[in-house]
Amino acid sequence: MTESIERPTSDPLLRPVGLRGVAADLSSDQRAFKNVSWGKAMMWIFLLSDTFIFGCFLLAYMTARMSTTVPWPNPSEVFALTIGGKEIPLILIAIMTFVLISSSGTMAMAVNFGYRHDRRKTAALMLATAVLGATFVGMQAFEWTKLIREGVRPWENPWGAAQFGSSFFMITGFHGTHVSIGVLFLLIMARKVWRGDFDQERRGFFTSRKGNYEIVEITGLYWHFVDLVWVFIFAFFYLW
């Protein structure tokens with residue numbers, strides 16, 4: 001009687017090669033993302049892709065600014081506000097930056113209390129973060145309105161290079177959209193935390209596991225990313 005000899009699964013002759021081999025290794029390795037949930041991993045992947053998009057926008061802005069032969073507008077003059085008869089440069093932008101950075105602090109505290117299962121403080125801090133984010137968007141809308149009334153358009157502006165308008169509306173508009181989405185998501189998550197959906201395992205989006213407040217941390221990752229991007233926009237667009 002002939003006995004069949006089975007090769008171990010680790011036999012290199014039985015393993016796929018090339019790209020199939022790479023896919024097989026990643027799908028079978030028990031150590032890959034072992035301590036990271038799918039939600040958190042997917043958020044990191046999304047943030048990485050978003051980083052490339054914002055990076056391309058800022059590179060395009062720097063290229064346009066350095067290549068134009070027309071004088072570039074002075075941000076200190078363009079974004080100045082008249083208060084008490086005096087023009088104060090970048091005062092609105094400074095307040096916007098302070099508000100957004102402060103929202104990162106409230107979001108970090110919300111994550112902390114979320115893992116302590118203190119739903120009231122978590123919900124309150126998430127609401128505070130949403131209010132700060134909405135305040136930022138409101139001030140950005142005021143900034144847009146002011147510049148539009150002064151003649152700034154995506155194709156022209158009264159202070160110099162025409163690329164200034166397109167760069168401004170593209171970069172700040174894309175970032176403002178991210179903040180607005182974050183505010184909406186914060187409000188939804190704060191409501192779910194306040195109602196106790198994560199403690200009662202109430203059926204619905206992002207509440208599949210009882211006592212799991214990880215979605216608060218995932219929301220925090222998105223919000224901190226939005227704040228970090230604004231720091232780069234502030235440095236490159238308003239201070240340069």
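Buried means under 20% relative accessible area, exposed over 50%, and partly exposed in between (1.4 Å probe, protein chains only). The model is predicted: local features need pLDDT of at least 70, side-chain atom pairs count only at pLDDT 80 or more, and totals for chains, interfaces and linings use all residues. Residues are numbered from 1 along each chain as its sequence is written, and side-chain values use heavy atoms, with hydrogens and water left out.

**View 1. Overall fold of the protein.** The protein has 8 helices and 2 strands (DSSP runs numbered from the N terminus: helices are H or I of at least four residues, strands E of at least two). Their order from the N terminus is α-α-α-β-β-α-α-α-α-α. Of the 240 residues, 40% are buried.

View 2. Helix 5 covers residues 119–149, 31 residues in total. From first C-alpha to last it reaches 45 Å, close to the expected 45 Å (1.5 Å times one less than the number of residues). Gly151, with a positive phi near 105°, follows helix 5.

**View 3. A nonpolar patch on the surface.** Ile101, Leu228, Val231 and Phe232 make up the patch, with about 360 Å² of accessible area together (Shrake-Rupley method, 1.4 Å probe; for residues, only the protein chains shown count as cover). Patch residues have over 30% relative accessible area and no salt bridge; like charges are joined within 9 Å, nonpolar side chains (Val, Leu, Ile, Met, Phe, Trp, Tyr) within 5 Å. A salt bridge is a side-chain nitrogen of Lys or Arg within 4 Å of a carboxyl oxygen of Asp or Glu. Helix 8 (residues 214–238) gives the largest share of the patch, 3 residues.

**View 4. Val231 in helix 8.** Val231 is found in helix 8. Val231 counts as partly exposed because its relative accessible area is 39%.
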